[in-house]
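Okay, thanks for coming, everyone.

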Amino acid sequence: QKAALDGELSRLGLRKAHLELALGDPGVGANFVELRRVTSELADVDAALAAAEDAWLELEERAP
């Protein structure tokens, strides 16, 4: 379970970095629809990342 969470944390971290880079793209900034999509996905990724971090911390607390 911890290995799965580690993989999920890595995947979400990479996706977050990609979305943050996309926000700096002038093409995204000039396109309201794309900007809205990217910011919405970034919010979803941030929420999923926080949940995965909480789950990881719970596993660490339960570990012997």
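Glu 8 and Arg 11 sit three residues apart in helix H1, so about one helical turn separates them. Helices here are DSSP runs of H or I with at least four residues, strands are runs of E with at least two, and both are numbered from the N terminus. The two side chains meet in a salt bridge, at 2.9 Å from N to O. By salt bridge I mean a side-chain nitrogen of Lys or Arg within 4 Å of a carboxyl oxygen of Asp or Glu. Glu 8 is partly exposed at 30% relative accessibility, and Arg 11 is partly exposed too, at 47%. For those labels, buried is under 20% relative accessible area, exposed is over 50%, and partly exposed is in between, with a 1.4 Å probe and protein chains only.

Before I go on, a caution: this is a predicted model, where local features need pLDDT of at least 70, side-chain atom pairs count only at pLDDT 80 or more, and totals for chains, interfaces and linings use all residues. Residues are numbered from 1 along each chain as its sequence is written, and side-chain values use heavy atoms, with hydrogens and water left out.

Now, how many salt bridges does the structure hold? Six. One of them joins Glu 60 and Lys 2, at 2.6 Å from N to O. Glu 60 is in helix H3 and Lys 2 is in helix H1, so this pair ties together parts 58 residues apart in sequence. Both ends are partly exposed: Glu 60 at 33% relative accessibility and Lys 2 at 37%.

Then there's Arg 15, which forms a salt bridge with Glu 41, their closest N and O atoms being 2.7 Å apart. Again that's H1 to H3, so parts 26 residues apart in sequence get tied together. Arg 15 has a relative accessible area of 25%, which makes it partly exposed, and Glu 41 is partly exposed at 23%.

What about Glu 53? This one is found in H3 and is partly exposed, at 40%.

On to the nonpolar side. The largest nonpolar core has 12 residues, including Leu 5, Leu 12, Val 28, Val 45 and Leu 59. A nonpolar core is a set of buried Ala, Val, Leu, Ile, Met, Phe, Trp, Tyr and Cys residues joined through side-chain atoms within 4.5 Å. H1 (2-23) and H3 (32-62) each supply at least two residues of this core, and H3 gives the most, with six. If you zoom in on Leu 5 and skip neighbours within four places in sequence, you'll find Ala 52, Ala 55, Trp 56 and Leu 59 in contact with it, meaning heavy atoms within 4.5 Å.

Last, the whole chain. There are three helices and zero strands, in the pattern α-α-α. The C-alpha trace spans about 50 × 15 × 15 Å along its principal axes. Buried residues make up 19% of the 64. And among contacts between residues at least 6 apart in sequence, 63% join residues at least 24 apart.
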